[in-house]
Amino acid sequence: MPDTTSSQVPLENVTPRPTDITVHRSVVCTFCGCLCDDIEVEVQDNQIRKVKKACLIGRNKIMHSQSNSPRPTIQGREVSIADTIAEAARILRTAKFPLVYGLSSATTEAQKELVEIAEILDGNLDNPSSYCHGPGVMARQQVGLATCTLGEVKNRADLVIFWGCNPMESHMRHLSRYSSQPKGLFTGEGRKGRKIIAIDIRPTATTKAADQFIQVEPGTTFETATVLRALVRGLKLGISDDNALVAGVPLRVWRELAEAIKSCKYGVIFFGLGVTQCRGRDLNPEQLSVLVREVNDFTRFYAIPMRGHGNVAGCNQVMGWQTGYPLAVNFSRGYPRYNPGEFSVLGLLGRKEIDAALIVATDPGAHLPQDSVRYLRDIPTIYLEPHNNTTTGWATVVIPVAPAGVAAAGTFYRMDNIPLRVKKIVESPLPSDEEVLRSIKEKIVHAQDC
Amino acid sequence: MGGLSGLLVTVRSSKQGAEMMTSKLSEDYLREISSLRINAGDMQTLCVADGQRARMKSPYGEVTVTCHTADVPSGLFFLPLGPLANQLFSGANTEGTGVPDWKRQRVTIEALETTSVPVEEHSHDA
């Protein structure tokens, strides 16, 4: 090994010797509700070099987590992060009816700060579940949900139904880690011992991976769940022809499915946005939840929503603990009120009621309808985000933050509401969401005290 | 050449998910979120071939999409989630639920480029 400090070696020709590669194991991918916690990440010189075991999306998320950070700006002018925090606090404390929105890819620790800020401001608080799985959340408030963990699915489930979801493209490792292939305590045969059924309006990669694909007409979740409830309970339908169509599918197919449900040892329905966003919205998951409850008169049967964003389940948890409600909360009377149609982000933007917004860990420019985005662009918008995206270009105040699960530690909730600790595996010059939000909160409170 | 009406359904695609993690401002991301999956018979009605562009309109806006044949029902059009699809939705009316019609927005679609002969014959010639 040459001595690189020796005078015989000109210093300008010396390439600093790279430090050893550190392999971080059991890293949690924070992209989707699966929160795969077996990822391996190689780090050298504080740079992520390689990602192993993740799906294509997860690999891209982690590999690109250290690049493309926005600059701290106020109305497009680059300033210090301290200046952005001061301006954010000024905007929020002078607003009459602000919205605090996002949360879904932030840590629960940052989410707690957001709840507190919304309360201090007598403002509104919402997260993206209000236009995604929110109807399922509302259904659970009405009728509850018999549910289980993904670990139980892996170890026990012999019947898995994917209903209105396509995890092969949206939650890519779901089938291999939890619901189809894995061999568990009582599922020693893995895929061979499981019956997989997919209900959808079109063929997908998931329906192709299933043993049976039931292709339904769009907007028919409610009647499908209703017919299944009746068939499971053995009620007369008043339809004599077994080939009569229900949701575009012969009744005999539903009868066979009802029998498969009743005769399994441990069944699980995974339901997606095809259930919560189609015609009927919250009535669909409500009927599905009642079906699941009633099947438990015959066998063990559960349902799990296929939550999208990494910690969107955590949003509902944190808001539930701290306000009593999982989404769409308003504090303007000094106590939390809940009304999804009124205080959800799209309701507030649609009626042009809010006069400022604090947005964290979501990308409204890509997620919200055009009229909602247009209104947001007309009011002061403060935006915390680790990467340049479709919102950083127009937000009034942009505050770059360290990406959670890579350069900031914290807690995320998996789709089955299991909390997992996400790691900090590299250093970042940027503060975490939690740190920025605490600073904003303290400045607001201090100004109110003065 | 004729227009078609049907329901727009927004969906996640693996490529859309992967590209948005690289950059939502990249050409690859924009290409994917403008890729419409449409029934072969509907393509033929529109006189568009795979990879040709069409204009999709809703009461709230219009966008240009690139048509790709897919095994999907006639009258249902599938577009990946993203800022392009969102031009066709409104957040103002959610029927009191907070959820727009992400899975059932009524739209019309018309070709911007057309094949000179029906699609089936065109592909035979190729």
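In what order do the 3 strands of the open sheet in chain A stand? The order is E1-E2-E3, and the pairing is antiparallel. Here, strands (E, at least two residues) and helices (H or I, at least four residues) are DSSP runs, numbered from the N terminus, and two strands pair if DSSP finds at least two bridges between them.

Before we go on, a word on the model: it is predicted, so local features need pLDDT of at least 70 and side-chain atom pairs count only at pLDDT 80 or more, while totals for chains, interfaces and linings use all residues. Residues are numbered from 1 along each chain as its sequence is written, and chains are lettered from A and ligands numbered from 1 in the order in which they are written.

E1(A) is joined to strand E2 (residues 39–44) of chain A by 4 bridges, and Thr22(A) stands opposite Val43(A) in E2(A).

Chain A also has an open sheet of 5 strands with parallel pairing, in the order E10-E9-E8-E13-E14. Its edge strands are E10 (212–215) and E14 (300–305) of chain A. Strand E9 (residues 195–200) of chain A is linked to E10(A) by 4 bridges, with Asp200(A) opposite Gln215(A) in E10(A).

Angles run from 0 to 180 degrees between N-to-C directions, and axes are lines fitted to C-alpha atoms, for helices over the stretch in contact. Two residues are in contact if their C-beta atoms, placed from the backbone, lie within 7 Å.

| Helix of chain A | Lies across | Angle |
|---|---|---|
| H1 (residues 56–63) | E2 and E3 of chain A | about 170 degrees to E3(A) |
| H12 (residues 283–295) | E13 (266–271) and E14 of chain A | about 155 degrees to E14(A) |

**A helix and its cover**

Helix H9 (residues 221–233) of chain A has several buried residues, including Phe222(A), Val227(A) and Leu231(A). A residue is buried if 20 or more other C-beta atoms, placed from the backbone, lie within 10 Å of its own. H12 of chain A is among the elements that cover the buried residues of H9(A). Gly234(A) follows H9(A) and has a positive phi, near 75 degrees.

**Meeting chain B**

Finally, 43 residues of chain A are in contact with 35 residues of chain B.

Conventions
A residue is buried if 20 or more other C-beta atoms lie within 10 Å of its own, exposed if 12 or fewer, and partly exposed in between; C-beta atoms are placed from the backbone.
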